[in-house]
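Q: I have a structure open here and would like to talk it through piece by piece. Could we begin with how some of the helices pack, and then move on to the sheets and domains?

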Amino acid sequence: MRRTSPINCARVTRRSFAAGAGAAGLLAATGTAFDVVRAQSGPLKVGVLLPRSGAQAGIGQDCQRGVELAPPIFKALGLPELAIMNADTETNVEVARARAEKLINDGAQLLVGAFDSGQSTAIAQVAEQKGIPFVINIAAAPPITEQGYKFVFRNFPTAPMILSDAFANQKELFDATGVAPKSVVFMHVNDTFGTSMQQGINAVLPRFNMPYKIVEQIAYDATARDLSVEVAKAKATGADALLMVSRLNDAMLITRELVKQRWSPTVVLSMGPGWYEDQYLKTLGKLSDGPMSFVPWYDPNKKLAQQLEGALAKAYPGINMNTNHVFTFEALLVAADAYKRARSSDPKALADAIRTTNITDNVSIGPGIQFNDKGQNDKLKNAAIQNRGGKLLTIAPKTASNAKPELPMSPYDRRG
Amino acid sequence: MAAEIYFNVAVSGVLTGLVYGLMALGLSVIFGVVRVVNFAHGEMMTIAMYLAIVLFSGLGLDPLVMVVPLAGVLFALGYAMQAGIINPFITRPEYSQFILLVAVAIIITNVLLIVFGPDARNVQTSYSFDSFLVGPLIIDATKVYAGAATVVITAALFGFFRFVPLGKAIRACADNYTGALVVGLDVKRLYALTFGLGAACVGAAGAMLVLLVDVTPALGPALTLLAFIIVITGGLGSMPGALLGGVLIGLTEAMAGLFFTPSAKSMFSFGLLVLVLLFRPQGILGRRA
């Protein structure tokens with residue numbers, strides 16, 4: 001009698017089992033292969049947060065040039081493609097936080113930004129909470145990498161690193177020229193970056209036995225419309241020089257006031273952005289010559305630096321390469337390099353890959369890009385640059401310089 | 001600190017305050033007559049500033065020369081705004097007027113952002129870096145020109161309201177709305193003229209302020225707030241009050257920056273505002289309601 005089943009199904013035989021097992025194996029193998037392809041194919045979605053409007057708009061847009069220059073160079077280096085998702089922080093901490101959340105919700109797999117310490121701090125909190133890697137391009141406040149974050153990385157020196165190098169470079173310049181101010185007025189913006197730098201300067205300065213004394217400290221609003229009182233107050237101290245921590249608009253306002261109030265300091269020593277920006281050079285022309293900026297910079301002798309400089313000159317003729325381009329480009333370099341090594345867009349795999357970064361063919365000064373346990377590149381070195389004839393010349397350290405310093409600055413009223 | 005620094009800073013504060021006063025004067029004139037608070041005041045000023053920049057960069061026209069033409073352009077804008085948009089809201093609740101003008105302000109800011117972008121812009125004239133040496137004092141030449149122009153414009157405005165029949169008619173509307181209607185005045189047209197005059201003050205002030213500060217589309221709200229502080233301090237609806245308020249705020253901020261810390265300048269101007277509200281709620285030269 002033939003046994004029947006109420007359900008009309010095929011009987012399992014040794015042959016059919018073997019075929020089924022083979023098919024299942026093939027399917028599993030193919031599935032894995034598909035999975036690998038999914039992880040490796042397609043560009044990494046990188047959310048780039050910058051202050052594209054508001055008080056820092058000029059600098060944010062300058063950083064964007066670093067983003068625009070990256071794709072062809074990465075291609076030449078054999079790095080994977082990045083899909084850039086742009087966002088505007090509007091120079092506002094709360095907006096920065098909201099935009100970071102939105103980028104992640106929209107599918108960003110890694111974040112880069114945000115030029116400013118306050119905004120970067122807010123984004124770091126969001127990135128850590130959501131478990132998405134965040135590579136800071138520019139932000140110097142030390143606490144950002146002191147929180148024990150696992151997804152936050154910074155390829156930019158902290159305020160104490162900038163200051164230590166700045167004072168060392170200043171001494172080198174004073175020795176080289178035989179000119180040194182005896183007293184300075186320290187003017188700084190009162191935002192997160194400015195306050196961090198102010199605290200850092202007060203902490204670091206005594207260790208360096210500098211030839212000058214700070215005779216007055218003047219904090220001012222970064223969005224101030226008029227800085228005449230601040231400059232009048234600084235001038236009234238009779239100090240030889242100005243020590244500055246500023247942004248772009250305020251650097252221009254202060255320079256105008258220096259001219260109007262007929263005060264030519266021996267030198268302007270800037271520990272932050274503003275004084276070397278292209279908008280500063282173009283707007284003020286001859287009046288922009290002279291200030292020395294002690295900043296994270298590029299090594300003009302490095303191959304990738306020359307490549308980036310060439311690309312910038314081609315894409316944006318007349319624009320000098322600066323910190324904004326270099327460190328925004330390098331933040332994306334870190335992202336692309338990590339994606340290549342991780343072979344996955346999984347946030348944890350990316351973060352692990354970033355942690356083991358070792359890029360020696362880079363742009364900035366120092367041995368290369370590596371991160372310590374806290375996610376900080378602590379091997380970066382800073383330079384001294386001077387504005388001369390609309391160009392930015394590297395004057396210290398000697399190992400990365402391409403010009404000699406000119407000190408004292410030419411008085412403003414004798415520039416024709 | 002040498003004594004001249006106090007005089008230098010005081011003179012600078014007074015001169016800047018005069019220009020602020022002219023801007024606030026426009027707000028005061030509009031409120032005093034039309035009884036509408038112009039929440040787009042600062043934004044209208046940024047329009048004037050951008051027009052000055054365009055005329056300077058495109059045609060090389062000095063903003064000081066363009067004070068009167070720009071006042072004319074803003075007069076036309078103000079007249080059109082009042083006649084076309086605001087007049088229907090005159091009898092509506094105040095919150096409707098508020099929302100309307102805030103909407104206008106937001107639209108202006110965003111249009112400027114689209115047209116000019118977010119970068120700060122300024123005008124650099126041949127005298128931008130000049131200063132006068134008066135004994136030990138160094139006085140910013142641009143501020144002197146702007147302050148002097150403000151005094152002339154304000155005097156002309158006072159003269160208009162006191163001696164010209166049209167100005168007297170506008171004052172009649174402000175003093176007694178029903179009475180003005182009864183004697184046959186075209187109140188709506190006079191309101192539009194008044195709004196135009198207020199906007200003209202903004203146009204003139206904008207042409208001068210662009211010589212002193214950089215402009216961005218986002219500057220509007222800060223200027224609106226500043227105008228409010230000034231007119232409330234000086235007395236809402238009082239023309240001399242607006243000018244006095246401007247000078248007081250300019251001077252307070254300048255001296256606070258010198259004696260205390262510059263980053264706390266705004267705190268002192270708000271402090272002055274609080275004191276005025278506590279002890280003379282109608283403003284220094286305002287009339288009690």
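**Helix packing, sheets and domains**

A: The crossing of α9(B) and α10(B) is right-handed, and, before going further, please keep in mind that this is a predicted model.

Q: At roughly what angle do the axes of α9 and α10 of chain B cross, and within what distance do they come?

A: The axes of helix α9 (residues 219-234) and helix α10 (residues 239-259) of chain B cross at roughly 115° and come within 7 Å.

Q: Which residues make that contact?

A: On the α9(B) side the contact is made by I229(B), I230(B), V231(B), T233(B) and G234(B), while α10(B) contributes G241(B), A242(B), L244(B), G245(B), G246(B), L248(B) and I249(B).

Q: And how do the residues of that contact divide into nonpolar, polar and charged?

A: The contact of α9(B) with α10(B) has seven nonpolar residues and five polar ones, with no charged residue.

Q: Stepping back, what does the secondary structure of chain B come to?

A: Chain B has eleven helices and two strands, and along the sequence the pattern reads α-α-α-α-β-β-α-α-α-α-α-α-α.

Q: Why does the radius of gyration of chain B agree with a compact globule?

A: Chain B has 289 residues, for which a compact globule would have a radius of gyration near 19 Å, and the chain agrees because its own value is 19 Å. The C-alpha trace of chain B spans about 60 × 50 × 35 Å along its principal axes.

Q: Switching to chain A, what does the domain assignment give?

A: The assignment for chain A gives domain 1 as 44-157 + 301-381 and domain 2 as 160-296 + 383-414. The C-alpha centres of these two domains of chain A lie 27 Å apart.

Q: Now the sheets: in what order do the five strands of the open sheet in chain A run, and is the pairing parallel or mixed?

A: The order of that five-stranded open sheet in chain A is β2-β1-β3-β4-β5, and the pairing is parallel. Its edge strands are β2 (82-88) and β5 (152-154) of chain A, each of which pairs on one side only, and the twist averages 25° from one strand to the next.

Q: Over how many bridges do β4 and β5 of chain A pair?

A: Strand β4 (residues 134-136) of chain A pairs with β5(A) in the parallel sense over three bridges, and F134(A) has V152(A) in β5(A) as its bridge partner.

Q: What about the open sheet of seven strands in chain A?

A: Its order is β7-β6-β8-β9-β10-β11-β12 (chain A), and the pairing is mixed, with β7 (213-220) and β12 (391-396) of chain A as the edge strands. Within chain A, strand β10 (residues 292-296) and strand β11 (residues 382-388) pair in the antiparallel sense over five bridges, and the bridge partner of F294(A) in β11(A) is A384(A).

Q: Which strands of chain A do helices α5 and α7 lie across?

A: Helix α5 (residues 159-177) of chain A lies across β9 (268-270), β10, β11 and β12 of chain A, running at about 140° to β10(A). Helix α7 (residues 228-236) of chain A lies across β6 (183-189), β7 and β8 (241-245) of chain A, running at about 170° to β7(A).

How values were computed. Residues numbered from 1 in each chain as written. Chains lettered and ligands numbered in written order. Predicted model: local features only at pLDDT ≥ 70, side-chain atom pairs only at ≥ 80, totals over all residues. Domains from an automatic or database assignment. Axes fitted to C-alpha atoms, helices over the stretch in contact; angles between N-to-C directions. Helix = DSSP H or I, 4+ residues; strand = E, 2+ residues; numbered from the N terminus. Left-handed = near helix turned anticlockwise from the far one by under 90°. Contact = placed C-beta atoms within 7 Å. Nonpolar A, V, L, I, M, F, W, Y, C, P; charged D, E, K, R; others polar. Pairing = 2+ DSSP bridges. Rg over C-alpha atoms; globule rule 2.2 N^0.38 Å.
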